[in-house]
Amino acid sequence: ASFSRRGKMLTTLLIAGGCALLQRPRLLQASAPQSLRLAASPLAQVPAAAPAPAAAQPPASSGKKGKGRLNIRIDDEWYDLTNWRAAHPAGTHWIDAYNNSDATEVMYAFHSDKAISMFKRLPNSRAPPEGIAPPSASTYAFRELRQRLVEEGWFKIHPLGELQKLAPWSAVTAAGVWLARRSGFWSAFAGVVCLAIGNSLAGWLSHDYVHGRQPFAWAMRGFGELIGGMSTTWWSNKHNMHHALTNEVGYDEDIALDPALHLWAPDPRHDTLPWLRQWQHVYWPLPYSILFLYWRFDSIRYVLKDKKWGEAARLAAHWAAFSALVPFRLLLASVWLSGLITATIVTVTHQSEEIFLGDTLRKYDFVEAQFRSTRDAKCNNWFSDVLWGGMQWQLEHHLFPTMPRYRYPALSKVLAQFASENDLTYRVTGEFKIIGDNVALLKKIGQGPQQPGNPNSEPLFKQV
């Protein structure tokens, strides 16, 4: 979960104000398509593994041919996007971040079939950059795997699967509204818990609809504002860079938590509150719990600033409807609790894995970087499966974000086999242990020494 700079400072003040509390620290699946039979199908011939690709270079600043050109590689073909970058619908930061780099996996992961069919019309590079390593053998194997999944129908939605996703949200939200409107402390408490769970489930549904590239997903996109209370355009612009460059310092805003929380040893210049850092394994629920409150504020600010009047109208309808149905104080309490639930789930599958900075920044191909930076969580019961909203299959989602989440349990077996065949590590840990591992990391970094020269999390490219 990422915070704006002003938001981070406010978070720090809230934490400092609550230091007295810290003196006593406490600790749906549809039928899968036919199996891939990977072992019986030899991989395409690929070049031998090569050195890691070079990090992205600064964006082009010159329009002269042959100088300062912005080149991106897709399917082993170099394209010159110097004069096209400003027309990219999702913003120039995407193009700039992949200058002199391979963007094949990102292109196929986030774009519709129509957009993919159009990219070959882009101008070819007349002078491609030299010294850029070819894709690795595992990357070529992944491209073959992805094509096979497309051909076998894994990306198609299933009506029953979509209904199974909506049912828990509608049931728990209705229960929350009913309980919140009754008198008595325990009814109000139960109502807040149910509404918080419902809000988290609404977040996962909105997440699915924003990632989806099917007509149904496009039709449901407004769910994010009407039910989730957040701008889908704002969220998409912020979120997709996290998907593409996971745990890459300066790119992935989901690890940009300092000074509230530090995920790597800070440089002394950036360690503004070292006395507070040593307690971050205790107070971490505080900044996490205000996640949705920040996101909702940022959403309103974004739609007004960028004149997204359709989204603004849906956000207004969201607040009007929920405020009429539920006492406002209980509504805010449920948003607060939902922030804690959601932030915990979305961070634990990445934060204790490899974080790329210094010599490892932009070192690995997309596929290997995802295997290194992402871990699945093994849920132990039906309730956890519902509450995690598909995020327990985090690696599957990062590699195939437009695939319906009810395909992921079957896909996990495919990826485990793929990893064993391509010298990669498929990582999975129990749902409670993975949270414990994250708390242990926060304690290790919080009570560890500073590291001169380490960067802070200031984004290299402004995304929203």
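Modeller: A cavity is a set of points on a 1 Å grid over the protein atoms alone where a 1.4 Å probe fits but cannot get out; lining residues have an atom within 4 Å of a point. Points are joined across faces, edges and corners, and a volume is the space filled by probe spheres set on them. This is a predicted model: local features need pLDDT of at least 70, and side-chain atom pairs pLDDT 80 or more, while totals for chains, interfaces and linings use all residues. Residues are numbered from 1 along each chain, and side-chain values use heavy atoms, without hydrogens or water.

Colleague: How much space lies in the second largest cavity, and which residues lie nearest its centre?

Modeller: The second largest cavity holds about 260 Å³. Its lining has 23 residues, with Tyr98, Asp102, Tyr364, Asp365 and Phe366 nearest the centre. Helix H17 (366-373) contributes the most, 4 residues; helices here are DSSP runs of H or I, at least four residues, numbered from the N terminus.

Colleague: What of the largest cavity?

Modeller: Its space is about 320 Å³. Among its 26 lining residues, Gly203, His207, Trp235, His239 and Trp295 are closest to the centre. Helix H10 (232-244) gives the largest share, 6 residues.

Colleague: Why does Phe328 count as partly exposed?

Modeller: Buried means under 20% relative accessible area, exposed over 50%, and partly exposed in between (1.4 Å probe, protein chains only). Phe328 counts as partly exposed because its relative accessibility is 43%. Phe328 lies in helix H16.

Methods. Helices (H or I, at least four residues) and strands (E, at least two) are DSSP runs, numbered from the N terminus. On a 1 Å grid over the protein atoms alone, a cavity is a set of points where a 1.4 Å probe fits but cannot get out, and a pocket is an open set with protein on both sides within 12 Å along at least five of seven lines; lining residues have an atom within 4 Å of a point.
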